[in-house]
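Q: I am new to this structure and would like to go through it step by step. Could we begin once it is on display?

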Amino acid sequence: MVTFHRDFAEAPPARLPRLGSVFASRHVTVARPVAEHGQRLGAVYLETLPEPWPAILARHSALGLLTILSFLLLAW
């Protein structure tokens, strides 16, 4: 078993949860099987960290501003 997690993140679970995707509390958790030539080799587990709202707004505000400016330019 190989694991990787960032210092500020929680460690992965000791046992693999059910295979599939779960979205809850701004977290996305995905567990998928890994197979080669029909033989299951293991599984991949991936969990995202929730992103703070200011970071989300900062990332999307430029696109929103450009959209508003383009509508104003077209309306003029």
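Predicted model: local features only at pLDDT ≥ 70, side-chain atom pairs only at ≥ 80, totals over all residues.

Q: Which strand gives the largest share of the lining?
A: That is strand β3, residues 39–47, which contributes five residues to the lining of the largest pocket.

Q: Let us turn to the sheet. What is the order of its strands?
A: The three strands form an open sheet in the order β1-β2-β3, and their pairing is antiparallel. β1 (20–24) and β3 are the edge strands, each pairing on one side only. From one strand to the next, the twist averages 10°.

Q: How many bridges join β1 and β2?
A: There are five bridges between β1 and strand β2, which covers residues 27–36, and the pairing is antiparallel. Among the facing residues, S21 has V30 in β2 as its bridge partner, V22 stands opposite T29, and F23 stands opposite V28.

Q: What about β2 and β3, how many bridges there?
A: β2 and β3 are joined by eight bridges, again in the antiparallel sense. One of the facing pairs is A35 with R40, the latter in β3.

Q: Which residues in the two hairpins take a positive phi?
A: In the hairpin of β1 and β2, S25 has a positive phi near 55°. In the hairpin of β2 and β3, H37 has a positive phi near 55°. Each hairpin has two residues between its strands.

Q: Back to T29 for a moment. Is T29 buried or exposed?
A: T29, which lies in strand β2, is buried, because its relative accessibility is 17% and the cut-off for buried is under 20%.

Q: What is T29 in contact with, apart from its neighbours within four places in sequence?
A: T29 is in contact with G20, S21, V22, Y45, L46 and E47.

Q: A change of topic: where does W53 lie, and is W53 buried or exposed?
A: W53 lies in helix α1, which covers residues 53–75. W53 counts as exposed because its relative accessibility is 54%, and exposed means over 50%.

Q: How far apart are W53 and L16?
A: In sequence, W53 and L16 are 37 residues apart. In space, the distance between them is 30 Å, C-alpha to C-alpha.

Methods. Residues numbered from 1 in each chain as written. Heavy atoms only, no water. Helix = DSSP H or I, 4+ residues; strand = E, 2+ residues; numbered from the N terminus. Pairing = 2+ DSSP bridges. Axes fitted to C-alpha atoms, helices over the stretch in contact; angles between N-to-C directions. Buried < 20%, exposed > 50% of the residue type's maximum accessible area, 1.4 Å probe, protein only. Contact = heavy atoms within 4.5 Å.
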